[in-house]
Amino acid sequence: MAKAAEIVREACIKHGAFEVTNIGVDIDFNDLVLQETGNIFKLPLDKKISAIAKDAGFSVAHAERYTTVLPWKETFTFMYNHNSKNETQVIDVVDSLLGQEFQQTGLVYQKYCDAMNDLTKVLLELLAISLGVDRKHYQSFFEDAVSMMRCNFYPPCSANLSGALGNGPHCDPISLTLLLQDQVGGLEVFADNKWLAVPPKPNTFVINIGDTFMALTNGLYKSCLHRDFVSNKVERKSLTFFVSPRGDKTVSPPDELLGKEESRKYPDYKWNELYQFTQKTRRVDAHTLDSFVAWRSSSDASN
């Protein structure tokens, strides 16, 4: 654990991304989840349109929040409550969106999200150790987390001669991103002042630090700047599990990270404030958190 914490600390200070392999999620099951994901994106358009709800269901490149340069992808999204007593919460939401004929899909996603919940607990303890704070600090903070599960589908782009972006350069506003890629690849991370490909590996998850966890470390750990390319020949699929605190939780670093001479990099805020900012005011990019802090400061001044 100490060696892993050392590796994670170096990566998170440098660029905010690392990989975990063989963490107890069966490789065949990961393949099954990706297969189910491919199946739901083959549904007819009218079925997809009927499966759109607040913070859930299908979206075509989040087109409602863009005016130009649309991402080249479709998504299927739903929420996951880490502290829920409802052991069929994912099954229920998939049933409400797609109907009972997709019960198998709901079962698969339920098992996957439960596994991501377990992985999140391990990662939060590892991150706490790497930061030198109480090893249960972040587990406690996120014990009632409400995270977002997003299935991504990138169709092949026949016009892709120099590389079409599925997602442009951005940092995730959430706390942690747990990413499972298929074997097509396309993810790039900005590190050492250049874009580096993160090729898929069997039974491996890519973990990205997001803006909110950066704030929880007072800026010590870097929010990962990344982008995604699509293939011009084959479809690409990925699964992103976005870990976020409960919406009314105050985002503030632990005292152990604030030395006597250490100034605060970011003011306290509630996660829901940042989330609403990304939905209503500014779409995510490489500077979302700084933009949010400036916007919030100007709003407070005007009031």
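Residues are numbered from 1 along each chain as its sequence is written, and side-chain values use heavy atoms, with hydrogens and water left out. In this predicted model, local features need pLDDT of at least 70 and side-chain atom pairs count only at pLDDT 80 or more, while totals for chains, interfaces and linings use all residues.

The structure contains 16 salt bridges (a side-chain nitrogen of Lys or Arg within 4 Å of a carboxyl oxygen of Asp or Glu). In one of them, Lys 249 pairs with Asp 144, with the closest N and O atoms 3.0 Å apart. Both Lys 249 and Asp 144 are buried (under 20% relative accessible area, where exposed is over 50% and partly exposed lies in between; 1.4 Å probe, protein chains only). These two residues also belong to a salt-bridge network with Arg 246 and Asp 248. Asp 268 and Arg 264 form another bridge, at 2.6 Å between the closest N and O atoms; here Asp 268 is partly exposed at 33%, as is Arg 264 at 35%.

Turning to the cysteines, the structure has zero disulfides (pairs of cysteine sulfur atoms within 2.5 Å). Cys 12 lies too far from a partner for a bond, because its closest cysteine sulfur, in Cys 224, is 9.3 Å away. Cys 12 is buried, with a relative accessible area of 0%.

Helix α8 spans residues 271–280, and its buried residues are Trp 271, Leu 274, Tyr 275, Phe 277 and Thr 278 (helices are DSSP runs of H or I, at least four residues, numbered from the N terminus). They lie on the same side of α8, because they cover an arc of only 155° around the axis (taken from the directions from the helix axis to the C-beta atoms).

Definitions and conventions. Helices (H or I, at least four residues) and strands (E, at least two) are DSSP runs, numbered from the N terminus.
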